[in-house]
Amino acid sequence: MKVLKFGGTSVGTVESLRNVKSIVEGQEEPVIVVVSALGGITDQLINTARLAAQGDISYLDNYARIVERHHQVIEGIVPQALQLDLLSMVNPLLEELGNIYRGISLIKDLSDRTLDIVVSYGERLSSVIISKIIDGAIHLDSRNFIKTEKQWDKHVLDNDTTQRLVHGIFDDLKYDVVIVPGFIASDNAGDVTNLGRGGSDYTAAILAAALDAKVLEIWTDVDGFMTADPRVISNALIIDHLSFTEAMELCNFGAKVIYPPTIYPVFHKNIPIYIKNTFNPTAPGTCISEQHPSPEGKAIKGISSINDTCLITVQGLGMVGVIGINSRIFNALAKNGISVFLVSQAASENNTSFAVRNGDADHALEVLREEFNAELQSGTLSEITAEHNLATVAIVGENMKHTTGIAGKLFNTLGRNGISVIACAQGASETNISFVIELKDLRKALNVIHDSFFLSDTQVLNLFVVGVGNVGSNLLSQIHAQQENLLENKALRLRLVGIANSHTCVFDREGLDTENYQARLAESDIEATPENIRNGVIGMNIFNSVFVDCTASQEIAALYADLLSHNINVVAANKIAASSDYESYIELKRIANKKDVKFLFETNVGAGLPIINTINNLINSGDKILKIEAVLSGTLNYIFNILSSDIPMSKAIMKAKEAGYSEPDPRVDLSGKDVIRKIVILAREAGYRVEQSDVVANLFIPAKYFEGSLDDFFATIGELDEEFEAYRAKAEKEGHHFRFVATLDNGAVSVGLQRVDSVHPFYHLEGSNNVILLTTERYNEYPMAIKGYGAGAEVTAAGVFSDIIGIADRFIQSACLL
């Protein structure tokens, strides 16, 4: 024998009732079918009663809609030949209900007992209708065998009486299908009562346990328990199997697939529960049964949360060592019907915190202040406080007991995303770690846990890209081209959630198309001001976030400190922040270190070459940088490489600009400012305190040519062509090449034009390539050389992409440890 329960939208429409009929009639053994009220009717019943009690005549319209709804269902699914017979049972029930509403309206009072009676009509009507839909079904009224008694103003199951009555009715009953209304019951005086929230599930579990059913099936509108709430986690997965303990923990902390009381009766009989989808009956669903966890299984099975949380704290030094304080706290709350779902106490015993629903908070404070009035007056207790607008999250899995350091890794994951844990609790069984956070962080917390603990098929990195010029557009093209490969080989999804050009910006937590983002930017009415960009990025409060700056903007660079402070990783192609005043540079590093996020700017020097990363690795391994010699401007190297008798200086500069090697204003390169910034960045990464003003600059173009507009520059720069051609010809005759070299030598920094001969490492530097020589304590006699493309939007974008992947790898490695 099996027990099947159908509820919610499973009995909400004619279509869903056809599915119920098909499922029940397809069973190969006797079944007891427990049904809820037609979907949504319970709320209508309650609202109509309240309108009647207020004297609001519109209750009659509501009542008429209730009658019409039941008639529509009967007409839509009950065979014509059975409709009159069914209506002869349904109409008297509806008439009784109407009379009760009229009585409520006359006396303008709605007692709890009357409301229990009103609500019972939902299950009574639906069970009668469904009994006529299913061939060969018989109908039994659960009020005759599900009994309750009063405890603390609540109806609780009278188990002994219920067991006796159930066996008295069912033991000798011959049946294929029995239809039973869920939720409703009666007390020993015969008055209508109910089993409370989730009562239909509970009815089914009571019957399954009492009659030793083979299995309990809960048919609902989802495919089973999911790893998290799919309304918050779009890629939540179905859990194929849960232990009774895991299911109970998830239910207690907000998972609404079934309700906690359902599990108790069948747990003791080890009767498995299957969660099935009425609208997808072939789906395997979730099985809940007793099981022994495998050490190789996932540490966490699922995440559940309660977004309606208030944390109450009782504190005072007078609590230390005093026996019975907690007993008084929780006895006082229990006597007043206040449920506590999390408790956290300091080891010093000077405070106890516990979580209740926000609606219970004021009552709880009143009760406790009355209970501890003497202690508050004497100062033994300093205060009893309530903190609202919080959420409680629980991670559940019996395998957590086999995973060393799971709590530490969990809180590290939260901290890295800027989520502060206000209180936490973990039982000795290690199947549940619960913690309280601010409500505003709930979505981020659920997503980052789901992502980081491999409950998702993929890891997600959320990107905000500012600047879609040459570098930014190339970056997005590279990301688009690599998405499939990253998903397949690294289980990594790079999701573009924000983008800005020089005019507008767009933010979308569901993700933007990395190929067709321009249309969204064109449609946006959000101006791309630094303030709007900052508010959009921080305001989204999204997990695993990376801000990517592909601009050369001082205003955008000024946002880094705030972004890092909000636990947002920063990847910068923009050189301004890392080369600004030393204190600002160090402050950014300090914030990133404190917040455990990354501030990466590898492409600030050498485009895609691994220069900064190599310096960091050398220093971190105990080496010391003694000297750096470098050609750091791909633009200038390109210019000097194409200089010839046919290509004078002015034409070479224009060709560098047209080829995309130079900054939009090539004077930034020609003035040495770009190289100065780069050598300052390298010097700082090498451990030296250097400002731009410390750099000795030996420039090859007089300062007057940098005054005025860019058009003025190109109009006058040709004046130097003849002089430069003479220099070039002389150098060529002597077998020398021009190179603009940056040097760090034991803390002294300089940049300037040099002539190098054919044996010098810089001599054969082609095109726009860069080269860096690192002399260290280890690499002393033969310096380390790094050489390659040092300019160009494509290689710079590739370097930015590499920094992004470096951050992603960090999250992936953390998840692997979990």
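## Before we start

This is a predicted model, in which local features need pLDDT of at least 70 and side-chain atom pairs count only at pLDDT 80 or more, while totals for chains, interfaces and linings use all residues. Residues are numbered from 1 along each chain as its sequence is written, and side-chain values use heavy atoms, with hydrogens and water left out.

Helices (H or I, at least four residues) and strands (E, at least two) are DSSP runs, numbered from the N terminus. Two strands pair if DSSP finds at least two bridges between them.

Let us begin with strand S4, residues 147-151. Strand S5 (residues 154-157) runs antiparallel to S4, and four bridges join the two. Across this pairing, Lys-150 stands opposite His-155 in S5. S4 and S5 make a hairpin with two residues between them, and Trp-152 in the turn has a positive phi of about 50°.

S4 also pairs with strand S7 (residues 184-187), here in the parallel sense and over two bridges. Thr-148 stands opposite Asp-187 in S7, and the bridge partner of Lys-147 in S7 is Ser-186. S7 in turn pairs with strand S8 (residues 192-194) over three bridges in the antiparallel sense, with Thr-193 in S8 as the bridge partner of Ala-185. S7 and S8 form a hairpin too: four residues lie between them, and Gly-190 in the turn has a positive phi of about 90°.

Which way do the residues of S7 point? Ile-184 and Ser-186 point one way, Ala-185 and Asp-187 the other way, and all are buried. Buried means under 20% relative accessible area, exposed over 50%, and partly exposed in between (1.4 Å probe, protein chains only).

## Two crossing helices

Next come helix H10 (residues 325-335) and helix H11 (residues 358-371), whose axes come within 10 Å and cross at roughly 130°. That makes H10 oblique to H11. Axes are lines fitted to C-alpha atoms, for helices over the stretch in contact, and angles run from 0 to 180 degrees between N-to-C directions. Angles under 35 degrees count as roughly parallel, over 145 as roughly antiparallel, 65 to 115 as roughly perpendicular and the rest as oblique.

Where the helices meet, Arg-328, Ile-329, Ala-332 and Leu-333 in H10 touch Ala-364, Val-367, Leu-368 and Glu-371 in H11. The residues of this contact divide into six nonpolar, no polar and two charged. Here Ala, Val, Leu, Ile, Met, Phe, Trp, Tyr, Cys and Pro count as nonpolar, Asp, Glu, Lys and Arg as charged, and the others, Gly among them, as polar. Contact means heavy atoms within 4.5 Å.

Glu-629 stands opposite Thr-743 in S27.

Leaving aside neighbours within four places in sequence, Ile-615 is in contact with Ile-625, Ile-628, Leu-682, Glu-685, Ala-686 and Leu-774.

Thr-635 lies in helix H23 (residues 634-642). With a relative accessible area of 3%, Thr-635 is buried. Beyond its neighbours within four places in sequence, Thr-635 is in contact with Ala-656, Tyr-661, Ser-662, Asp-669 and Ala-791.

## Two loop residues with positive phi

Most residues other than glycine have a negative phi. Ala-491, however, has a positive phi near 50°. Ala-491 is in the loop between helix H15 (470-490) and strand S20 (492-500), and is partly exposed, with a relative accessible area of 26%.

Asn-541 also has a positive phi, of about 50°, although it is not a glycine. The loop that holds Asn-541 runs between helix H17 (530-540) and strand S22 (545-549). At 19% relative accessibility, Asn-541 counts as buried.
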